[in-house]
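Morning, everyone. Let's take a quick walk through a structure that may be new to you. Please bring it up on your screens.

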Amino acid sequence: MTQDNPRQDRSSSASSSTSIVRQAIQGVSSLISFSHGIRVFPVKWQMLRYKLEELNTSLLAIENCDSTQNPKLSGLISAIILTANNCYDLARRCVDLSYSGKLLMQSDLDVMASKFDRLVKNLSGICSAGVLTQDFALIVSKPGLSACKEDLRFYVRDLLTRMKIGDTEMKRQALVNLYEVLVEDERYFRVIAEVGDIVHISVNLLDSADIGIQEEAAKAVSVLSGFDSCKSALVRSGVIGPLVRALETGSELGKEAATRSLQKLTENSDNAWSVSAHGGVTALLKICASGDSREELIGPACGVLRNLVGVEEIKRFMIEDGVVSRFIKLARSRSEAVRISSIEFLQNIASGDESVRQLVVREGGIRALVHILDPKISSTYKSREIALRAIENLCFSSTNCINILTNHGFLDQLLSFLRNGDVSVQELALKVAFRLAGTSGEAKKAMGDAGFMSEFVRFLDAKSCEVREMASEALTGMISVPKIRKRFVQDDRNIGLLLQLLDQEEANSSGTKKLLISILISLTSSNSGRRKIVNSGYLKNIEKLAEAEVSDAKRLVRKLSTNRFRSMLSGLWHS
């Protein structure tokens, strides 16, 4: 007695199932083609064709499935074949004009459209439950880098099928593969735009009950949201709500991917309200307040909130929720990425809003920023740059803030960067010092007492023209304070260096000489300064510059040509 072969039975069953699905596909496809020749009731047939094309797309997706494994699917396929045959009879009568009356035929076509609509919805519901399993799936290899566009399109369509009707593991793996090809090859973005539905299905899978599928969908969406061509499609598909829900209930990796997506999508302020309407602001603030959140999550969460502060109502909600003190605390984080993100957020929320700026100061924002600049703390150039920019934007418009900065050792830190930092840090520190020197006479005095003058003088010999100009202007402003000017003149090296630089060929061939002469003119208001310039041995060079019509050189000579020093000059430059 022979034994039954389960594998053979299963193969036979699958073959029978496949043939019935193909019969349905053939019937629907033939009906679509035949309908194009119908000249009566064009609007009705156009609507029917739309339903038939929807049905055909879903049938093609399950072509290789075993419908016998799902009684509902098997029954539905039989119903599709029967309905298609009935519709074909109506189509033939419309072509032959053999119907009994227009009103009756229109009614019959409406009934047929309703039947197809129900069939489309029922088939979509069954497919969403996952009717395709690994056992009945053809393995489609990922195209190589040199593959043609048609190969890419075929692969994307296969991924779409698996995402639509695959079982849980197949959907998850399809999303993994989608993420990989999007990261590796930008050509897939154009293909996805042409194939369609990938974006919509990815958004739907964000709400999957399976955490693995939700996580992989979030990763795929995070890549798609980085391309302008996909952003609008994502928003139209209603991506904001599922992304916010992923923030609340997803895995850690899923939350990170969802936050990165929101950060990219909220670069367009039109999407800000949608994030707020779905509870996104509260969810993001909760992430930033949680001590358990990873820096990979807090960073992009700060980025989203930074994008949202442009909407005044959302900004006020954040402030009432205590966002300022929360982010000042984050500014002291051990994670440099978190520090940078939080400082950028504080700058954004305080920008152009004096009341918020004062709130940042009251909550200890200045102390937190100065703490970041502590040379004892290991920080990158980026971190120090952000902190210095924030201090400049938040503090330099207020005398009280400058006093707080001074009391917390900011001048010593800035001077340390000028003396010991690498070139990029030195230049940044110089820009900040230059701006600080222009804020008030009190700031100039404090900087003079701290020793900034000698550093400004040193930068007068820098290679960068921009650096030389900033140093010159800062020095000119500081020398305008009598106490600082007196101290500057007392150090013989200062005037000597200025005159030496003026005598250098490279200075004479650039705009630097004009700045140097401007500083020397400021020093002539001091008797001691004039005396040291005249006795320096560089006077002949100054006279030559005046004879050559160099800007302000004549003025400098006239300043030196007072009654007391006239006998030491040629007398050519009387006013």
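When I say contact, I mean heavy atoms within 4.5 Å. Keep in mind that this is a predicted model.

Start with leucine 305. What is leucine 305 in contact with, leaving aside its neighbours within four places in sequence? The list is Val281, Leu284, Leu285, Cys288, Met318, Phe327 and Phe345.

Now step back to the core. The largest nonpolar core has 151 residues. Leu305, Leu308 and Phe410 have the most contacts inside it. Which helix gives the most to this core? Helix H24, residues 423-437, with eight residues. There is also a second, separate core of 36 residues. Ala24, Ile80, Ala91 and Ile126 are among its members.

Next, a helix pair. H23 covers residues 410-420, and it packs on H24 at an angle of about 140°. Their axes are 8 Å apart. Roughly antiparallel would need an angle over 145 degrees, so H23 counts as oblique to H24. The crossing is left-handed. On the H23 side, the contact includes Phe410, Leu414 and Phe417. On the H24 side, it includes Val425, Ala429 and Leu436. By class, that contact has 11 nonpolar, two polar and one charged residues.

Last stop, valine 28. It sits in helix H1, residues 6-35. Buried or exposed? Valine 28 has a relative accessible area of 0%, so it is buried. Beyond four places in sequence, valine 28 touches Leu52, Leu55, Asn56, Leu59 and Ile80. Arginine 49 is 21 residues from valine 28 along the chain, and their C-alpha atoms are separated by 9.7 Å.

Definitions and conventions. Residues numbered from 1 in each chain as written. Predicted model: local features only at pLDDT ≥ 70, side-chain atom pairs only at ≥ 80, totals over all residues. Heavy atoms only, no water. Core = buried A, V, L, I, M, F, W, Y, C linked by side-chain atoms within 4.5 Å. Buried < 20%, exposed > 50% of the residue type's maximum accessible area, 1.4 Å probe, protein only. Helix = DSSP H or I, 4+ residues; strand = E, 2+ residues; numbered from the N terminus. Axes fitted to C-alpha atoms, helices over the stretch in contact; angles between N-to-C directions. Parallel < 35°, antiparallel > 145°, perpendicular 65-115°, else oblique. Left-handed = near helix turned anticlockwise from the far one by under 90°. Nonpolar A, V, L, I, M, F, W, Y, C, P; charged D, E, K, R; others polar.
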